Structure formats: C-alpha cells, structure tokens
Amino acid sequence: MKVFWNACKQSIKLPQKQAVFALNRVGMDITVIYMFILLALASVPALLEQILLEQSAVPIQTFFLLIYFFIFYYLILVVIIFSLLSILAYIASLITKMLNRKLRFSILWKMAAFTTTLPLLLFTLFSFFYPLNHLFLIICVLYIFTVIIKIILIYPKRVRHSS
C-alpha cells in the first residue's frame with residue numbers, strides 16, 4: 001500500500017523533475033492498479049448518488065445495485081479512461097519524436113496515467129458538492145496535456161551517432 005501512497009504523492013508533484021524520475025521507476029503493473037484504485041475513488045460520488053436515487057425509487061438490494069454500478073459505470077469508465085490515456089500517450093510519442101527526446105510509449109502512458117491524479121482527486125472532491133460540466137473536463141485535459149509536454153521536455157534529447 002505504501003507504493004501507491006508514494007505514487008500518489010509524487011503524482012501531485014508533477015511535472016517536477018524529481019517526481020518524474022521517481023514515477024518512471026514505478027512498474028507498469030503498479031501504475032495500472034493505481035489507476036483502478038483512483039478511478040474507483042472517483043466513482044464514489046456517482047455511486048452514492050445512485051444509491052440515494054434508488055432509495056427514493058424502486059428499491060433494489062444493495063448487492064445488485066453494486067453489481068449494476070460496477071458493470072455499467074465503473075468498467076465503462078475504466079475502458080474510456082484507459083483508451084484516452086493510450087491516445088494521449090500516442091500523441092505524446094509523436095511530440096517526443098518531433099522534439100527528438102528519449103522516451104518510449106510505455107513511459108509516456110505511465111506519465112499520462114500519473115498526471116491524471118490531481119484532476120481525478122479534484123473531480124471526486126467537487127462532485128460531492130457541485131454538479132460538474134464539460135468545462136471542468138476541458139480544463140483537466142488541458143492540464144494533463146500541458147504537464148505531459150513539460151515532462152517530455154525534462155528528458156534529454158537523443159544523441160545522433162554519425163557513422
């Protein structure tokens with residue numbers, strides 16, 4: 001559990017150079033599990049809203065409500081977020097090639113995943129108090145993209161060997 005807490009602390013510090021290199025050493029398995037945990041946390045406000053709505057409408061056993069929520073909300077959210085992270089990492093890899101930096105897709109995907117920590121935590125917190133609109137999503141995407149570019153610029157340029 002300590003590794004996830006350390007990853008969270010370093011993720012909040014992004015794009016600081018020390019945080020980037022510390023997160024670079026985190027394994028991909030830890031990163032994926034970290035994302036599952038973070039997305040589960042971000043799903044809590046929607047789950048609570050669903051539970052409160054179900055109590056006022058046709059009551060369903062909590063167990064079945066949790067299964068329904070898991071299948072039709074959480075899993076879809078995970079697929080969408082992981083797909084968007086992959087698209088973002090691909091775009092970042094194109095930028096990396098243009099800037100001639102030493103980065104691979106897997107590192108960019110990992111950094112994109114860790115960059116979502118602050119927006120997802122803010123989303124979770126704000127969702128308890130305010131209904132969020134598309135403007136919040138746009139701001140989050142711009143934040144993530146800006147931090148990814150800063151991370152790319154931290155890494156050194158590739159050295160061209162002349163033959």
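Reader: Where do tyrosine 68 and phenylalanine 72 lie, and how many residues apart are they?

Author: This is a predicted model, and in it both residues sit in helix α4, which covers residues 62-99. They are four residues apart, about one turn of the helix.

Reader: How do I read the way their two rings are arranged, stacked or tilted?

Author: Look at the angle between the planes: under 30 degrees is stacked, over 60 is edge-to-face, and the rest is tilted. By that rule there are 10 aromatic pairs here. Tyrosine 68 and phenylalanine 72 make a tilted one, with 5.0 Å from centre to centre and 45° between the planes.

Reader: And why does tyrosine 68 count as partly exposed?

Author: Exposed takes over 50% relative accessible area, buried takes under 20%, and partly exposed is in between. Tyrosine 68 comes out at 46%, so it is partly exposed. Phenylalanine 72 has 51%, so it counts as exposed.

Reader: What about phenylalanine 69 and tyrosine 73, why is that pair called stacked?

Author: Their ring centres are 4.7 Å apart and the planes meet at 20°, so this pair is stacked. These two also lie in helix α4, four residues apart, or about one turn. Phenylalanine 69 is buried at 9% relative accessible area, while tyrosine 73 is partly exposed at 28%.

Reader: Which residues do ring pairs link into a cluster?

Author: Phe36, Phe82 and Trp109.

Reader: Let's move on to isoleucine 151. Is it buried or exposed?

Author: Buried: its relative accessibility is 1%. Isoleucine 151 belongs to helix α7, residues 134-154.

Reader: What does isoleucine 151 contact, leaving aside its neighbours within four places in sequence?

Author: Leu14, Pro15, Val20, Met111 and Thr115. For a sense of how sequence and space relate, take alanine 92: it is 59 residues from isoleucine 151 in sequence, with 10.0 Å between the C-alpha atoms.

Reader: Now a charged residue, lysine 110. What is the nearest side chain of opposite charge?

Author: Aspartate 29, at 8.2 Å. A salt bridge needs the side-chain nitrogen within 4 Å of a carboxyl oxygen. Lysine 110, in helix α5 (residues 105-115), is buried and yet has no salt bridge.

Reader: Which backbone oxygen does the side chain of lysine 110 reach?

Author: That of valine 26, at 2.7 Å. Not counting residues up to four places away in sequence, lysine 110 touches Leu23, Asn24, Val26, Gly27, Met28 and Thr31.

Methods. Residues numbered from 1 in each chain as written. Predicted model: local features only at pLDDT ≥ 70, side-chain atom pairs only at ≥ 80, totals over all residues. Heavy atoms only, no water. Phe/Tyr/Trp six-rings, centres within 6.5 Å; stacked < 30°, edge-to-face > 60°. Buried < 20%, exposed > 50% of the residue type's maximum accessible area, 1.4 Å probe, protein only. Contact = heavy atoms within 4.5 Å. Lys, Arg positive; Asp, Glu negative; His and termini not counted. Polar contact = N/O pair within 3.5 Å; in protein donor to acceptor, adjacent residues only side chain to side chain.
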